[in-house]
Each structure stands twice: as structure tokens, then as C-alpha cells.
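Here is a friendly briefing to read alongside the sequence and the 3D view. Please keep both open as you go through the points.

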Amino acid sequence: MNKKYDAIIIGAGVIGAPIAYELAKKGYKTLSVDKRADAGEGSTAGSCAIVRAHYSTEDGVAFAYEGFKYWLDWENYLDHVVDEKGLAKYMNTGSILIKSQGHKWQDVKNHYDAVGVKYEEWDNDKILKHVPVLDLHEFWPIRRPEDPTFFDEPEKKLEGGLFCPEGGYVNDPTLSAHNIMRAAEAKGATFMFNAEVTEIRSADGKVQGITLGDGTQIDTPVVVNCAGPHSYKINQMAEGVWEGCNIKTKALRHEVMYCPSPEDYDYINDGYHQSDGDIGCYVRPETGNMFLIGSEDPDCDPQEWVDPDEFYAGKGGHGRDNQLSEEQWKAQCYRLGRRIPTLQVPNQPKGVVDLYDCSDDWIPVYDKSDLGGFYMAIGTSGNQYKNAPVVGTMMAELIDACEKGLDHDKEPFQFTMKYTGRKMDVGFYSRKREINYNSSFSVNG
Amino acid sequence: MKIYVCVKHVPDSAATITVKGETEIEEGITFLMNPYDEHAVTEARRLKEIFPESEIIVVCFSKPGAEGTLRSALAMGADRGILVTTGHRHDPIMTARVLKTAISQDGQPDLILTGRESIDSEGMQTMFRLAHLFNIPAATNVVQIETAGNDVLVSCEKEAGAREMLKLAMPCVLAAGKGLNNPRYPTFPDIVKARKKEINIIDFEKLDIPEPESRVELVCLAPAIEKRTPKEITGSTTSIAEQIVSILKDEARVI
């Protein structure tokens, strides 16, 4: 006899774990399966875990702001569960969005007003008072160091930024997923590791269960795809699912750099998270008084779409494998080096290379599928970490409503956010949507 | 003071090295300045701060791609560079002859700095061969340098905790150890300045160096597969801390 669960969640990262948690709270007997050895060890581990509210759509802003409340109240969210590894910490540094041509910051400001996000407008002097190491010249457009004009002297100055005091980052993204796993287990959820899904079994348009690499079959009427960069491979295993998605997902290679802070600047204690569209970088403090330097994927940078299995096996060659590339190291560090002229850039690249599970319009797919009982929380595109606890709640409610008979495609589920009280049309994240051209088509979401 | 700093263009220690054929590695990886040489460049810059009239010249014998490593050294404070290019691998005997010739053709050294070893071949002999060719003294694993008239007083680390104080007459060859300084990495303005600094590129063949009577030949490269044996450290926080200190002290001998 095969084992049977009410729901199987594929992936125990920061998206999969909260879905298991919320379904377990609703009384579902859940099983989470993950090919890695522990929770959050896949692409979650490579996340910068930034918590910010600036998104290109009002719904995006609202969703992220709702997420803030979970991070600010982490122990409560976990129902005070004990995790032997300790709890992840929310580093509430505050978040600066530099006003630049690289961001539609006026839209963000309108969305902040509409949603009620707490923020302040800072002029350049105010920014410099808080971050004295900055050079606030405008360096736009974003270029690469291989381009001789990269080194041109700037003329104009920037025009300040928007400061959001509740923003920040989570110090250990892997641990945060582990915390949620422990919280889910306390509600009856089961987790299975080192288990790779090789088949999604279905009959008569309904999910029947999954089969693992060792041949084990487990039965369930509900499967949720939270496989991160492997999401498209899981969708392809499920009958008609991949074909039924108008918005597809694929894995995008992404590099994040660590560069030591200028000697006289205590970035780890005094620093902020900062999004700087003028140089296409976002930064936050990292252990060791380092700057963590992420890229906002400017058009001039290469985009490498890769096979996740090949990538994690170290294959693909220079610029496509899981090793930092010197060119991108220089691009990101030099861009930040213009903004922070005292930043020392070591000769040896240091950082993280991992994958985004990226959708066609960089907005996730939180939806049912064309196969009965098969759901998706995919295409998180490097920008959904902060939303993960909200996604857990929303997906559990969506799944529960659909399993009780709701036709979400015809009558999209309306999700009420617990803290902000806003209603959200979950149809916004539909797999059937047309590409959303309001999106930034970048990690900014 | 004319300070020549010899730097080597080596694979990034974090790169995955793949052996290609018998004696080559896949070169589609990041190459950068040998980390020990970063200490040598940083020290040259420190000396220039004391003796502002000094000139720092970086010298490298490598494939043409090494220009990036020279630019890094220039950004770290060197004034100009000399790159002797070759398409082949050479042993330390030839490398020392090339460096000697390139330096002698350029000027009279007061000080020659190198790293104490290269992280790729770890031969630890080029600096001694170079000193021999110049007929000048050498010291290695140098962790402190002081000038005293025409001499330098250096402190060399022999093993963990033991140091030797040496006095050498200038010119001399000093090979930098890790404890010499914290490398001073370039800022963006330094990198901009370095773009305009001069690099004299010389073809190895044009130096017309006679073939040495003997040489070291690389026969075969094989990947070293290290076996990892993880060990769990358990107990109270104090006991765990004590065990870690004892491992670092007695097994790893790093403190």
C-alpha cells in the first residue's frame, strides 16, 4: 500500500515551507519532499533575503508590505516554536530607494500612499547624513566596465530617495525556511529530504500522487509545485500543466558579490538596505562588515538561462556554471565603486552564484493548473523571499477553496490580507494571464 | 628608491580546476594576481609613502592575459608595469632569467619584492634564483620590513610563533609572507587612474635568453582528491569553544 497524504508540497524552501505550514494549520496532512538534505538548502540559501516594499505594481507593494508584518513578528508567526538551530533574525535596517531613471519611483511613491506604507522622502543631504560614504552623482545610463564610457565623469546629481523605515533583510534565509519547517511540523506536517520527484501520477484529469527517484510511490489528491528553479521541470512532469500555462518559468543564473566596507564605515551596524537603479545595484550589509552587492539585471548585462541540474552540477562553462565570473564581479563592484569611491575592490571575486526561478514577466505564478489538484507557487524571480509567509497563507486558502469546489479560473479567489486588511485578486498571479507590461521585468518585480 | 615587484598571474583559488590533457588546465576560469604578491605590492606602496620619490614597477612573465593582473597591481599603487609575454609554460630557472633580464633592461633595482610562493605551482624558488642571478641577498616569508640607511631589517616567520630578524644590504630580494600587511585593495578612483598607467609589453622571444643547461619539466598534472572526514563537536558552549581552540592550535596549528 502506498502512503497517502492530503497534500504533497514539492520543495521545502522559503516558499514551500510556509505553504506546508498553513495547510497543516488548516488540518491537511501534508508531506513536503525536497531533493536537498534540509529545508532552505536550494535556491533559498542563495537569496539575499531582502525585505523591501518597492514594487512596480500596487498589488506588489501591498503584498510585500503585508510580508513586513510577518518578519517583524517572526516568533509569533512561528507560534513560538523551538528550532534547535535558533531563529532567523530580521535586521530592520530601513530601506532606501534612490530616486533614479532606473526605477519608476514616482509610481512606487503613489503605491506607497495607496497602500499606507510608512516612508520618508530624503533629499541628498539627508541621505549623506545617514550614509556618508556615498557619491550622489548621477551615473545613468547603466553600463559595463568593458564600455569605455563607463569611466566618463558624471555631471548631474541625483535627487534624493524614498526611505522606508520598516525595511531590512533576514540574516539567514536557509534558517528562516528551517524555522518555518519546525513550525509546520509542530502542526503535524511531515518533511522528507534527499528525495527527488521523478513522476507526477494522474488519472482522469486529477492528480493521483508522486513517484520518487527510488521508485517509492506516494498518493495524494493535491500536489503543490514549489520547486524553485526546477519548477518548469516539475510542471513538465504533470499532465497538461506546462502546456496549460500562458506564463512559463525558467531558471536564470544570477551572481551576488561580497565586497568589504570602506575601513571607516561600520556598514554592518550603521548601514541600510539600498536599491539604486542609477547603477543597477542593490546592497545590504553582510556578516564581516561586507557589502552584499546584487544586480538589478540591467539590459547591458548578459542573461544566462540554464538547466538547473547542469548548473548545480557545475557544468556549462564560464559564465554559465556555478562559479562567479570575473567580468560580472567587476561590473557589479565597479558600479558600486562609483557610488562609494572609498570602497576597496579585492582582486579575488567573492560571492554567491545561484538561480532565479523566473517567469516570463518576472511576476510569480500563484495558481491552480489545468490538472485537477495540481497547484503552483513558482516564478518567484528573485523577488518573492520577503513575501513567502504571505504566499503560504494565500496558497493554503486558494488550495482549500479550490478543493472545496471554487472554479478559480472563472471566479478568481479573493485573498484578504491579515494585517493590511486589503483584498487581493489572486487572478493577478494567474498562469493564464497575458504578460504584465507594468512589471519591471527585473528582480525589482 | 626603485622598487620592482614581481607578480604572477594565477588561477583563482576558488575556481574549479579541471585538468586538460597531460599538463594543461582548462583556462576558462578566473585568473588573478597571486595572493602573496598582493602583500608585496601593498608593501611597496607603504615604502613609497615613506620615500615618496620611489618608483614601483611591477614585472610579470606570463601569457598575454596577464595584463589584467598588472592592471590590478597598478590600481593597488604601482607606477608602471612590464609584461613579458609567452605562449608556453616555463620553469623557475627560465622565469628567474626572464625577470632578471627584464628588470636589468629597465633600470637599477634598490629592492625586489615577490610573494613567498605562487599558489599554483608553489615552487618557492624563483625569488632565490633571481637573487642569485643578481648576486644579491634574499629573505623569504617576510612579515616586517624596515629600512635603515642602505640596509633593510626584516622579520621572517619560520614557523607558527617563531620569527627571525635579518639585516640585508640593498639591493635585495624580499619575498612577502601573509603576515606582512593587509592588502590594500583599489578603490574605483584607483582603478580609473590605473587604466592610464604604462605597461611595457615585451615578447619573450625578443629577449633572446639562452636556453639553460638544465630545466624542470612538468610531466603530468593530476587532480588531488581530498577526503573529508567531518567530525561533530558536541557539548556545552564553553566546551565546544575549547575544543575548537584546541583543534586550531594543535591540529591545524594556525594559532
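This is a predicted model, in which local features need pLDDT of at least 70, side-chain atom pairs count only at pLDDT 80 or more, and totals for chains, interfaces and linings use all residues. Residues are numbered from 1 along each chain as its sequence is written, while chains are lettered from A and ligands numbered from 1 in the order in which they are written. The predictor gives the complex an ipTM of 0.90 and a pTM of 0.92.

**Chain B as a whole**

- Chain B has an average pLDDT of 94, and 100% of its residues score at least 70; pLDDT is the predictor's confidence in each residue, from 0 to 100.
- Seven helices and 13 strands make up the secondary structure of chain B; helices (H or I, at least four residues) and strands (E, at least two) are DSSP runs, numbered from the N terminus.
- Chain B is as compact as a globular protein of 255 residues, because its radius of gyration of 20 Å is close to the 18 Å from the globule rule. The radius is taken over C-alpha atoms, and the rule is 2.2 Å times the number of residues to the power 0.38.
- Along the principal axes, the C-alpha atoms of chain B fill a box of roughly 65 × 50 × 40 Å.
- Of the 255 residues in chain B, 37% count as buried. A residue is buried if 20 or more other C-beta atoms lie within 10 Å of its own, exposed if 12 or fewer, and partly exposed in between, with C-beta atoms placed from the backbone.
- Taking contacts in chain B between residues at least 6 apart in sequence, 68% join residues at least 24 apart. Two residues are in contact if their C-beta atoms, placed from the backbone, lie within 7 Å.

- Helix H4 of chain B covers residues 126-134, and its buried residues include B:Thr126, B:Met127, B:Arg129, B:Leu130 and B:Ala131.
- The buried residues of H4(B) pack against helix H3 (92-106), strand S8 (111-115), strand S9 (138-148) and strand S12 (173-176) of chain B.
- After H4(B) comes B:Asn135, with a positive phi near 60°.
- B:Met170 and B:Pro171 are joined by a cis peptide bond with omega near 0°, and B:Pro171 sits in the loop between strand S11 (162-169) and S12 of chain B.

**The contact between chains A and B**

- Chain A gives 18 residues to the contact and chain B gives 19 residues.
- The side of chain A that touches chain B has seven nonpolar, nine polar and two charged residues. Here Ala, Val, Leu, Ile, Met, Phe, Trp, Tyr, Cys and Pro count as nonpolar, Asp, Glu, Lys and Arg as charged, and the others, Gly among them, as polar.

**Domains of chain A**

- Chain A is divided into domain 1 (3-85 + 172-249 + 360-429) and domain 2 (91-167 + 253-353), with bounds from an automatic or database domain assignment.
- Taken over C-alpha atoms, the centres of domain 1 and domain 2 of chain A are 29 Å apart.
- Their contact takes 18 residues from domain 1 of chain A and 23 residues from domain 2 of chain A.
- On the domain 1 side of this contact in chain A, strand S4 (50-51) and helix H2 (58-72) each supply at least two residues; H2(A) gives the largest share, six residues.
- By class, that side of domain 1 of chain A has 10 nonpolar, six polar and two charged residues.

- Three strands of chain A form an open sheet in the order S4-S9-S5, with antiparallel pairing; two strands pair if DSSP finds at least two bridges between them.
- S4 and S5 of chain A are the edge strands, each pairing on one side only.
- S4(A) pairs with strand S9 (residues 168-170) of chain A in the antiparallel sense over two bridges, and A:Val51 has A:Gly168 in S9(A) as its bridge partner.

**Backbone details in chain A**

- The peptide bond between A:Trp140 and A:Pro141 is cis, with omega about -5°; A:Pro141 lies in the loop between helix H5 (124-130) and strand S8 (161-164) of chain A.
- A:Asp79 is not a glycine, yet its phi is positive at about 55°. A:Asp79 is in the loop between helix H3 (74-77) and strand S5 (90-91) of chain A, and counts as exposed because it has 11 C-beta neighbours inside 10 Å.
- A:Asn289, also a residue other than glycine, has a positive phi near 50°. A:Asn289 lies in the loop between strand S17 (281-286) and strand S18 (290-295) of chain A, and is partly exposed, with 16 other C-beta atoms within 10 Å.
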